[in-house]
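Have the fold open in your viewer and let's walk through it piece by piece.

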Amino acid sequence: MLMTGLLTDAEFDMFRKVIYDKSGITFSTTNRSILDSRLKEKLREKSLGTIKEYYDLIMSDEAEMNIMLDSVTTNLTRFFRNQPHFDALIHYVIPHVIEEKKKAGDYTIKIWSAGCSTGEEPYTIAMILKEILPPPFKFQITASDISLKSLMVGQQGFYPESRIAGIPPNFLSKYFIKNDKGYQVVQDLMSTIKFDYHNLRNDSGMRNLDVVFCRNVLIYFDEPAQKACIDRFWDAMGPKSYLFIGHSESLFGMETKFEFLKTDWACLYQKNV
């Protein structure tokens, strides 16, 4: 008989602890119902009778643990989300990055879209850079997420009509191919992005990044996990590089080496060394 009631307090504490330990994501009592409904779905899928059985399964099977983490994350995103950030990228960040790169004789701009969800953010960045980068500059984007399901959508680069709102018409005609089911990102744009599984709890191994986007992810972490994540971004970024976080997120009060930067378009952070 499958469980139909809510998680007990002990079960809730058990799962939120393992989710926190593995991903840094914090479940509070206010979003307990989300965790409850996702775990009930997993019990139905696995034909398990108790939450303890599912807990034992994830603790003994790393692949199932990753599937569970995938299922409890929220993947809300859209193309050109929070336009002022992209305006700051176009008018402030990229011109300054180009200037520094020229000095170093390096013509490849490296960007990380961390917590990229289903790919709308990295594809937005890629379209913008295709439009504004002068030759001989080129770019590489790494797009990562803890959700394998979301990464698959990004890798396929196919979006139904309901998901393409916000893309300027000239970008849509240039970078997407329409068919009767939706829109496919053109191969030339897809080739500029590497989608990769990554848990922000760990070091990415990347270094000398010029720009990092990690928007609306830190809100799911508690303060120690936020601080650890921000420190790892610092290590991954190169000199005179830029960090975008969500408009409702802030590093205020956090002991960090990043400098707050207010542009005419949006606020962001800089590794100014």
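## The cavity

By class, the lining of the largest cavity comes to three nonpolar, three polar and one charged residues. Here Ala, Val, Leu, Ile, Met, Phe, Trp, Tyr, Cys and Pro count as nonpolar, Asp, Glu, Lys and Arg as charged, and the others, Gly among them, as polar. The residues doing the lining are Trp112, His198, Leu200, Asn202, Ser204, Arg232 and Phe233. The volume of this largest cavity is about 30 Å³, and the count is one cavity of 30 Å³ or more.

What counts as a cavity: on a 1 Å grid over the protein atoms alone, it is a set of points where a 1.4 Å probe fits but cannot get out, and lining residues have an atom within 4 Å of a point. Grid points are joined across faces, edges and corners, and the volume is the space filled by probe spheres set on the points.

## Ground rules

This is a predicted model, where local features need pLDDT of at least 70 and side-chain atom pairs count only at pLDDT 80 or more, while totals for chains, interfaces and linings use all residues. Residues are numbered from 1 along each chain as its sequence is written, and side-chain values use heavy atoms, with hydrogens and water left out.

Helices (H or I, at least four residues) and strands (E, at least two) are DSSP runs, numbered from the N terminus. Start with helix 1 (residues 9-23) and helix 2, whose axes come within 11 Å and cross at roughly 90°. The axes are lines fitted to C-alpha atoms, for helices over the stretch in contact, and angles run from 0 to 180 degrees between N-to-C directions. That makes helix 1 and helix 2 roughly perpendicular, a label that covers 65 to 115 degrees. On the helix 1 side, Asp9, Phe12, Phe15, Arg16 and Ile19 meet Arg32, Leu35 and Leu39 of helix 2, where contact means heavy atoms within 4.5 Å. The tally for this contact is five nonpolar, no polar and three charged residues.

Helix 2 (residues 32-46) also packs on helix 3 (residues 51-60), at an angle of about 85° and with the axes 10 Å apart. Helix 2 and helix 3 are therefore roughly perpendicular too. Leu39, Lys42, Leu43 and Lys46 from helix 2 meet Ile51, Tyr54 and Leu57 from helix 3. By class, that contact has five nonpolar, no polar and two charged residues. Leu39 is worth a click: it turns up in the contact with helix 1 and in the contact with helix 3.

Seven strands make an open sheet with mixed pairing, in the order 6-2-1-7-8-10-9. Two strands pair if DSSP finds at least two bridges between them. At the edges sit strand 6 (193-197) and strand 9 (259-262), each pairing on one side only. Neighbouring strands of this sheet are turned by 25° against each other on average, direction ignored.

Strand 7 (residues 209-214) and strand 8 (residues 237-245) run parallel and are joined by five bridges. Helix 5 (residues 83-104) lies across strand 1 (108-114), strand 7, strand 8, strand 9 and strand 10 (267-271), running at about 175° to strand 8.

Two bridges join strand 3 to strand 5 (residues 182-185): Tyr159 has Tyr183 as its bridge partner, and Phe158 stands opposite Gln184. Strand 4 and strand 5 pair over four bridges, with Phe176 opposite Val185. A hairpin links strand 4 to strand 5 through two residues.

Most residues other than glycine have a negative phi, and most peptide bonds are trans. A cis peptide bond joins Pro135 and Pro136, with omega about 5°. Pro136 is in the loop between helix 6 (120-132) and strand 2 (138-145).

Asn82 has a positive phi near 60° and sits in the loop between helix 4 (62-72) and helix 5. Asn208 has a positive phi of about 60°, and its place is the loop between strand 6 and strand 7.

Terms used:
1 Å grid on protein atoms, 1.4 Å probe; cavity = no way out; pocket = protein on both sides within 12 Å on 5 of 7 lines; lining within 4 Å. Parallel < 35°, antiparallel > 145°, perpendicular 65-115°, else oblique.
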